[in-house]
Amino acid sequence: MIYVEKLRKEFKKAIKEPGLKGSLKSFIKPKNEIITAVDDITFHVPKGEILGFIGPNGAGKSTVIKMLTGILTPTSGKCEINGQIPYKNRKNYVKEIGVVFGQRTQLWWDLALRETYTVLKEIYEVDDEQYKKRMSFLNEVLDLESFITSPVRTLSLGQRMRADIAASLLHSPKVLFLDEPTIGLDVVVKDNIRNAIKQINENEQTTVILTTHDLQDVENLCDRIVMIDKGKKVFDGAIDSLKERYGQSRELKFIPVNFDIAANLDYEREFNLSDNDIFVENDGHSISVKFNSDKVSVEKMLSYTLSVTHVKDINVGDADIEEIIKDIYKSGVDIGG
Amino acid sequence: MRIIKKIHRTFKLHRIFIKQDLKRLMEYKVDFLTGAVGMLLAQAINLFFLSVIFSQIPSLNGYTFEQIIFIYGFALLPKAIDHLFFDNLWSIGYFIIRKGDFDKYLTRPVSTLFAVTVEKFQVDAFGELIVGITFLCVSIPQIDISINFINILLFIIAVLFSTFIYTGIKLITSSIAFWTKRSGHVMYMFYMVNEFAKYPTTIYNKVVASIITYIIPFAFTAFFPASYFLVGGNPLFNIGGTIVMAAALMALGIFVWNKGVSAYESAGS
């Protein structure tokens, strides 16, 4: 369905020294450097999959999306979607895709929301009957009814995002690209949007590629993730396998009956662990112990803890994907994929 | 058949977009009315100054007042038509590319140039159009022009292609923004040369005359075609020149535009 091979994008960037003097200098004698925004990325996406595209700010996520949607021309490499090359047969190609950039809108700012849909209907040559059906479906999924007659400029961010997603789906695209579709939204709206995406994916086998910084999006929606950093792919696989590979971190949390007795717990000595493998935090209400389950099993941790102190409450938390990704972002090492 | 269908669709979309833009204008009533009053004022001031100038100077380099009014009126028509349909190119030069807003045109299944230009229907242009037509209607009965089928046809052709000289120049200069991110001032500089076109080219010195004939050929949007109707002359140069210049500028413009689209770098988000 989507084949991306050694996709690369370089930008020329003027080097400017600070201040007006620097600006003047570069105006008279410009110096350029080449910046590689996307560095030979390869991945495939089968039909009907929801792929999460994640990475820190400036990793090159949007640049990849822009190449896949025909907005940017790649410097080198290949991308093929539905057998079409985005920047070559652009006009034909974009009929089959839907695109939402969370930070921008494609709606007609000054007019009632409905007007946008009637224009898009003509642009995409959707016939009347299909349009009617489609609108009632989108209405059901995204709940547009209450604001469809309001001018777009008066919509709240959540309404606008739903309206934008509906606009991208009007022509029943086979592939949907969502660049940060939940940015700046509250929890309830995020949830609505996630459900809508899921429903559309299930009903119509729409392939979805989404970028996000919200890991809840990833956990709730994505079958697979591709993680990129500094333009390079650093991980490609199922979320479970990410947890498996990098998720040995567990968190033991308990409320001791007596804090003074609990203070006798010394995990480092007991299990001979280094600082990297264990981290204990006592906030006065509870004690949290983060540990590497490769080095010491959950069972041993539990039995040692309970042998020293009585507890009112205890639980062991799973690896938190957010933590894993933070670790990977920070360490920045190439961990292959 | 396919071509006819395509043209039909283009016109249909065009109509829809114009309707949308008119609705947009109506949305902001105060702004619309103020704009309309301002436009009429601007043209009234133009008229006033012209009458002042010609109350002092009865003839200009052999051209009578009526003939000058004819050239002036002629000059306004292509300018107004370009203004009406292709005004959004200014936004390309000033901010659409710089802000990365060009993205949305690229995700629609229509030509980018079409999508950009149909988005704005600049009704301000009706001021120039009305004044231009008025000037022609006032001057024609007082000068010796034979109104026949050939002349009317040539007139329409001349106005149409003159329009494309304006559009072509704007297209080339606005496309520069694909590389430099902003080219509004370049556009403005080239565009303002059209002010020379309202008067006979023969009143200027050689340098200016050559520039507006061969380099930024605004002379072909008014003086050359208009003087064919006024004093005769070689239609191959006066009207043919307009057609050749328009075709060359539009071809170059579309070429540069397409090159620019593939060099487009968007903006970070």
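1. In H7(B), the buried residues are B:Ala125, B:Gly127, B:Glu128, B:Val131, B:Gly132, B:Phe135 and B:Ser139. Buried here means that 20 or more other C-beta atoms, placed from the backbone, lie within 10 Å of the residue's own. These residues cover an arc of only 155 degrees around the axis, so they are on the same side of H7(B); the arc is that of the directions from the helix axis to the C-beta atoms.

2. This is a predicted model, in which local features need pLDDT of at least 70 and side-chain atom pairs count only at pLDDT 80 or more, while totals for chains, interfaces and linings use all residues. Residues are numbered from 1 along each chain as its sequence is written, and chains are lettered from A and ligands numbered from 1 in the order in which they are written.

3. Helix H7 of chain B has 15 residues (125-139) and should span 21 Å at 1.5 Å a residue; its end C-alpha atoms are 21 Å apart, which agrees. The expected span is 1.5 Å times one less than the number of residues. Helices (H or I, at least four residues) and strands (E, at least two) are DSSP runs, numbered from the N terminus.

4. The buried residues of H7(B) pack against helix H2 (29-56) and helix H3 (65-86) of chain B.

5. Between the chains, 27 residues of chain A are in contact with 18 residues of chain B, contact meaning C-beta atoms, placed from the backbone, within 7 Å. On the chain A side, H4(A) gives the largest share, 4 residues.

6. Chain A is assigned domain 1 (2-8 + 40-243) and domain 2 (248-318), with bounds from an automatic or database domain assignment. Their centres, taken over C-alpha atoms, are 43 Å apart.

Notes:
Two residues are in contact if their C-beta atoms, placed from the backbone, lie within 7 Å. A residue is buried if 20 or more other C-beta atoms lie within 10 Å of its own, exposed if 12 or fewer, and partly exposed in between; C-beta atoms are placed from the backbone.
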